[in-house]
Amino acid sequence: MQGIGDENSCIVVMRQGAIAYGAREILWIDEFCVHRGEIVLVVGGNGTGKTSLFRTLAGIGPRFTGDMRYLGQPLAPVAAHTRARNGIRLVPQERQVFDRLSARQCFELAVDNLVVRGRGAMPETPGYIQTALSGRNKFVSQFSGGEAKRLLLESLVVGQVQVLMLDEVFAGMDAAAVDRVMVIVRNCISRRAGCVLADHTGTAREAFGAVTEYRLLPHEEGPAAFKLVRARQ
Amino acid sequence: MSGSDASLIEADALVVRYGGWQVNEPVSFSLHPGQLGLLTGPNGSGKTSILRALLGQGVGYEGNLRVLDSDARRVKPWRVIREGLRVIPQFPTLPVSLIVMEYVKVWRRYNPGCLVERERETDRHRVAKGELGRLFGIDTRVPISVLSTGQRRLLEIFLAFAAKPRVLLADEPLAGIAREFIPYVAEGIRGVRESSGAVLMVTHGSEASPWRGDWAVEVMPAKCRA
């Protein structure tokens, strides 16, 4: 059993601080750590700060007032695109893809930006993008909600993934897409990456069984309304 | 005019089309008062497009589609809303720059069906103020942009039920909603059905959804997409 906060096995660690929009603190974190090969489930009600936590780690959201490290190095000064390239990937809850690009352009853009040339192996085009789009220059705006989410997911798991954050990834997904998510998560874990999920559907808990669980609970002391607590195993 | 058994929504050999592109295999269904109808099927098979066609959002289709006694091709969005058609959209569409309470006020103004009994409406309005906080922990004094995606969906669900719709189109109503609110959504849907309204729901089996519909129609992608 890995000790929490063990620097060597932690990919990402956040300590003693709050996630804050300006001066407004929303989530206090004593310690949050994603180990190598670990599946972490973030559990909390609507509006408790799950997405904010993900966005902070991805560098596109609120700031963190405490110490935040990625592979031992301070993460706060690292720009969002560099984090993504270095392997911190966030698959967002809503469809956030360039509507005016074709699906293939989206994927190629992701490959260009997320795969460091010459190092990470160029991934094969996923079957989904290949078969769904062959011979068709279909624009992202023409996709349905579920398809656009799937496209985003496929585009974000190319190259070297260290921490994969999946925000409500099962919402609106059909059975085939859910299976694909399972494959992606298992691949991540077998390659010693970490995977963080927020999931209200219960699919993740059912599929992965024993996982590390963090809960977002009401926080009495301090300005933040909620705190992140590691659930007992 | 229409008997109690007249259907609220009637689809006959419905095929959604985007330009020359056929989206789904033909589907037929009819939704009667008191019913819960489920549209299932893989991603991209046209389920949401069918809802958009019913709302008069300019989705092209072949076949026959009627909603609240009028041809869906001639549906005017504001008119179907006035006649009691409401939607819980797949992704929140609220104006993010408004304060929650401002939005609720604007919403009230444009939901004339809810102003029939003025006194009772005022009561309900007062309840609504407190209820958003009590039920969902939503502070009504903050901009909608501050709400999380789940909270925005809860707000839309709350208002959809508050409008006492004759027909409710619910597009994956549980997506992104915490489990503790599933009974609330289920209760609201039962309320619509018991007041002889009907619910047409888009859903995936993967959510382990608690719905037992009166019928379920699987919408399949067109085999030949020409």
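## Two helices of chain A

In this predicted model, the axes of helix α3 (residues 103-114) of chain A and helix α5 (residues 145-156) of chain A come within 8 Å of each other and cross at roughly 25°. Because angles under 35 degrees count as roughly parallel, α3(A) is described as roughly parallel to α5(A), and the crossing of these two helices is right-handed.

On the side of α3(A), the contact is made by A:A103, A:C106, A:F107 and A:A110, while α5(A) contributes A:L151, A:E154, A:S155 and A:L156. Sorted by class, the residues of this contact between α3(A) and α5(A) comprise six nonpolar, one polar and one charged.

## Where chain A meets chain B

Between the two chains, 28 residues of chain A are in contact with 27 residues of chain B. On the side of chain A that touches chain B, the elements that give two or more residues are α5 and α6 (175-190) of chain A. That side of chain A is made up of eight nonpolar, 14 polar and six charged residues.

## Confidence in the model

The model as a whole scores ipTM 0.82 and pTM 0.86. For chain B the mean pLDDT is 85, and 86% of its residues reach 70 or more.

Among the elements of chain B, strand β3 (residues 27-31) of chain B has the highest mean pLDDT (96), whereas helix α4 (residues 118-136) of chain B has the lowest (60). Over residues 115-121 of chain B the pLDDT is below 50, and this stretch has two contacts in the model beyond near neighbours in sequence.

Terms used. Residues are numbered from 1 along each chain as its sequence is written. Chains are lettered from A and ligands numbered from 1 in the order in which they are written. This is a predicted model: local features need pLDDT of at least 70, side-chain atom pairs count only at pLDDT 80 or more; totals for chains, interfaces and linings use all residues. Axes are lines fitted to C-alpha atoms, for helices over the stretch in contact, and angles run from 0 to 180 degrees between N-to-C directions. Helices (H or I, at least four residues) and strands (E, at least two) are DSSP runs, numbered from the N terminus. Angles under 35 degrees count as roughly parallel, over 145 as roughly antiparallel, 65 to 115 as roughly perpendicular and the rest as oblique. A crossing is left-handed if the near helix is turned anticlockwise from the far one by less than a right angle, and right-handed if clockwise. Two residues are in contact if their C-beta atoms, placed from the backbone, lie within 7 Å. Ala, Val, Leu, Ile, Met, Phe, Trp, Tyr, Cys and Pro count as nonpolar, Asp, Glu, Lys and Arg as charged, and the others, Gly among them, as polar. pLDDT is the predictor's confidence in each residue, from 0 to 100.
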